[in-house]
Amino acid sequence: MTQDFAGSDSGRLTHLESIRGLAALQVLLLHVFSAFFPAVVFLGTEPAWARILHGSPLFLLWDGYSAVYIFFVLSGLVLTFAFQRQAERPLAALGARIVRLFIPAFCACVLAAPFALAFGGLQQEAGRLTDSNWLTHVWSPPAGLAYWLKDATLDPLFLGYDSSYPFAAPGFAESVRHAYVAPLWSLSVELQGSVLVLGLVLASRKVKFWPLWLGALAVLMFRSHFICFLAGHALALALQARREGERPPYLPRMAVIALLTLGGLLCVQEEFGRYPEFGRFAVTSALCDLSLFSLPCQAFPQKIYGAIFIFVGLACSAPLSRLLTKPAFVALGRLSFPIYLVHWPILMGLGSFVLIALAPKLGVAGAGLAAGLLTVAATFALAGPFSRIDAWAVALARRCRAAPAPKTGDEPQLASAA
């Protein structure tokens, strides 16, 4: 089905796992820059050189907003393959998905608790030093064991946060700034997207003309996160539609360049709309302003479409696929979910502490550089041990799933992106 996508049976889908690793690195860099060098992330009173960065392709290196949408597209693709093998036991498949996401999320909150006890509140002082309004208003979970238990067990997957658009539990969803691990907001969307993909897989076995239903869902969801899951599902179906013996599903080089260029332009162009040269395209604004029977417009619709184009370009490029199967990229991919989960308390707690301690000696810029480098280094150092928890969650999910289909070999676990 996809074994020739990466050139060999042992390397199938590996380059997609590497894409997930790069996306996790984007999220990490976004948060580091947001905390310690906010001028390169937020538009407002930044110097001229920072404004140039906002409108350049370099911004993609830390565009963690688009990276999360890449996670969602990748989940739609990989979950389609997984659920097709488990279609005879859909409840077991969904239960396994919950187990796979819940265990790392819970352990991330366990990790965050001592950081919050030791360093809680320092991020506000650090934010004032770096002039990061973002840093001063995040990571303020209420005190008490009861709230921590709720945040570790219910909020990430089941209740969501106020940014878990569009389906957060009304009256129960907390503000994401109260989360022990704010990136967990995306896991409720992941679970909702998993249900969507599972439903599509089951519908394709029962309902005639299901592509029409897929198109109808796209119209309903074209302004929300869920269009990413639909795009990943559609790409999986396109890969499966190839006949046996056909050439690998790589796109011509010019098509790849066009997809990456268009995707990058869409992502970079939508920079908060404060300045005309960085604002949203008129057609995107028009689509968001339409009164349609569809989900409301998400905050960054252009980044959603841009992320889809970027993912397809990366996934369907033969040269990039070979590059992304290099050991360094593969290793990054395997650490992607741990990086995504563990960096938050390190950044908020240890990073803020280091910045405050070093600012009198090195200045705010020098202290920010030191704090940022330490945050990245500590994240990678802790992601290694945390990956064992991640692997245990995958193994337990497999046992819960007990898929009837015979195993065809070890496959990279790609569906864990958040």
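**Helices, burial and the reasons behind the words**

Me: The crossing of α4 and α9 is right-handed in this predicted model. What makes α4 roughly antiparallel or roughly parallel to α9?

Reply: The axes of helix α4 (residues 90-119) and helix α9 (residues 185-206) cross at roughly 165° and come within 11 Å. Because an angle over 145 degrees counts as roughly antiparallel, the conclusion is that α4 runs roughly antiparallel to α9.

Me: Which residues of α4 and α9 meet, and how do they divide by class?

Reply: From α4 come Pro90, Leu94, Arg97, Ile98, Leu101 and Ala105, and these meet Leu187, Glu190, Leu191, Ser194, Val195, Leu198 and Leu202 of α9. By class the contact holds ten nonpolar, one polar and two charged residues.

Me: What is α16 called relative to α17, roughly perpendicular or roughly parallel, and why?

Reply: Helix α16 (residues 327-334) packs against helix α17 (residues 336-401) at an angle of about 100°, and their axes lie 9 Å apart. Angles from 65 to 115 degrees count as roughly perpendicular, and therefore α16 is described as roughly perpendicular to α17. On the α16 side the contact is made by Leu332, Gly333 and Arg334, while α17 contributes Ser336, Pro338, Ile339 and Phe380. These residues are sorted into four nonpolar, two polar and one charged.

Me: How do α3 and α9 cross, and what makes up their contact?

Reply: The axes of helix α3 (residues 64-85) and α9 come within 9 Å and cross at roughly 35°, and this crossing is right-handed. On the α3 side, the residues taking part include Val68, Phe71, Phe72 and Leu79, and on the α9 side they include Trp185, Val189, Val197 and Val201. The contact as a whole has ten nonpolar, six polar and one charged residues.

Me: Where is Gln26 found, and how do you know whether it is buried or exposed?

Reply: Gln26 belongs to helix α1 (residues 14-36). Its relative accessibility is 13%, and as buried means under 20%, Gln26 counts as buried. Beyond residues up to four places away in sequence, Gln26 touches Leu60, Leu61, Trp62, Asp63, Gly64 and Ala67. Between Gln26 and Phe59 there are 9.8 Å in space, C-alpha to C-alpha, although they are 33 residues apart in sequence.

Me: What is His31 called, buried or exposed, and why?

Reply: His31, whose place is also in helix α1, has a relative accessibility of 12%; because this falls under the limit of 20%, His31 is called buried. Setting aside neighbours within four places in sequence, His31 is in contact with Trp134, Pro183, His343, Trp344 and Leu347.

Me: Asp131 and Trp139 each have a positive phi although neither is a glycine. What makes one of them exposed and the other buried?

Reply: Asp131, with a phi of about 60°, is found in the loop between α5 (122-130) and α6 (133-136). Its relative accessible area is 61%, and since exposed means over 50%, Asp131 is exposed. Trp139, with a phi of about 55°, is found in the loop between α6 and α7 (145-153). Its relative accessible area is 3%, which is under 20%, and therefore Trp139 is buried.

Me: How many helices and strands does the chain have, and what share of its residues counts as buried?

Reply: The chain has 17 helices and zero strands, and of its 418 residues, 52% count as buried. Among contacts with a separation of 6 or more, 80% come from residues 24 or more positions apart.

Key. Residues are numbered from 1 along each chain as its sequence is written. This is a predicted model: local features need pLDDT of at least 70, side-chain atom pairs count only at pLDDT 80 or more; totals for chains, interfaces and linings use all residues. Side-chain values use heavy atoms; hydrogens and water are left out. Helices (H or I, at least four residues) and strands (E, at least two) are DSSP runs, numbered from the N terminus. Buried means under 20% relative accessible area, exposed over 50%, partly exposed in between (1.4 Å probe, protein chains only). Axes are lines fitted to C-alpha atoms, for helices over the stretch in contact, and angles run from 0 to 180 degrees between N-to-C directions. Angles under 35 degrees count as roughly parallel, over 145 as roughly antiparallel, 65 to 115 as roughly perpendicular and the rest as oblique. A crossing is left-handed if the near helix is turned anticlockwise from the far one by less than a right angle, and right-handed if clockwise. Contact means heavy atoms within 4.5 Å. Ala, Val, Leu, Ile, Met, Phe, Trp, Tyr, Cys and Pro count as nonpolar, Asp, Glu, Lys and Arg as charged, and the others, Gly among them, as polar.
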